[in-house]
Amino acid sequence: MIKVDNLSKVFIKKDGTNFYAVNKINFEAGDGEIVCLLGVNGAGKTTTMRVLSTIFQPSEGSAEIQGWDIRKHPDKVRENIGFLSGDTGLYNRLSCREFITYFGHLYSIEDQLIEQRIKVMADLLDMNEFLDKKIEFLSSGMKQKVSIVRSIIHDPPVMIFDEPTAGLDILTARNIVSFIRDCKQRGKCVLFSTHIMREAERLADRIVMIHKGKILADGTLEELRNISSQIDLDDIFVYYINQHTDEQELRANEF
């Protein structure tokens, strides 16, 4: 599971002031659960996921992945996650199969098991027609599928997907949505980010709304509907942003 405790990430702006990309957030994601980190572009979703995947060090607070602290045991954290981001690097001169096999070897997986896992994932994500093509000749949707298999070839218990369907055609996006559901069915912990309301409604067991680095709400869709008295998720999201803005104005007026 994922447990985030008072987590912050601060960057220094050109004028020397602090920018809180992530500001003291708390949430959890359990095994066999799909949790959506929902927010507009620039809300702090990608930064949060990069901290959880140990690409960034947290400025304050911490988090645990499968009981391993991201500060104290980054190697163990990386063993237990599959992380897919929008800028996952691919080696254009290799075929899909060669590229995935290479990463399987980095995890010390035997060739026979690598082939078994490639076959399973190729069937699930409809990749068989281009498995032996060079990556440089693939479409963006095909490359995204290769990135997914590369990220999960070691069969980790925790999956972290940053905007996994962004920019993809509808058929490829449906394949990836099916894959995320399959992860849940196999008992994996799934954290994915999106700004697409419909995607969050269809997939998430729980929705964590984030805006300007802060968490606005955390709950099931039904819980969020009950609290906000709104039905559509986009209306619910606007409700919580307005609540957050009103609270900020009240605090400012106190001074």
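**The salt-bridge network**

Mentor: A network of salt bridges links Asp155, Asp182, Arg186 and Lys188. A salt bridge here is a side-chain nitrogen of Lys or Arg within 4 Å of a carboxyl oxygen of Asp or Glu. Bear in mind that this is a predicted model, in which local features need pLDDT of at least 70 and side-chain atom pairs count only at pLDDT 80 or more, while totals for chains, interfaces and linings use all residues. Residues are numbered from 1 along each chain as its sequence is written, and side-chain values use heavy atoms, with hydrogens and water left out.

Arginine 186 is partly exposed, at 44% relative accessible area (buried is under 20%, exposed over 50%, partly exposed in between, with a 1.4 Å probe and protein chains only).

By the same rule, the count comes to 13 salt bridges. Two others sit within helices (DSSP runs of H or I, at least four residues, numbered from the N terminus). In helix α2 (residues 74-79), arginine 78 and aspartate 75 are three residues apart, about one turn of the helix, and their side chains meet at 2.5 Å, N to O. Arginine 78 is partly exposed at 36%, whereas aspartate 75 is exposed at 52%.

Helix α4 (residues 111-125) holds lysine 119 and aspartate 123, four residues apart, again about one turn. Their closest N and O atoms are 3.3 Å apart. Here lysine 119 is exposed, at 53%, and aspartate 123 is partly exposed, at 45%.
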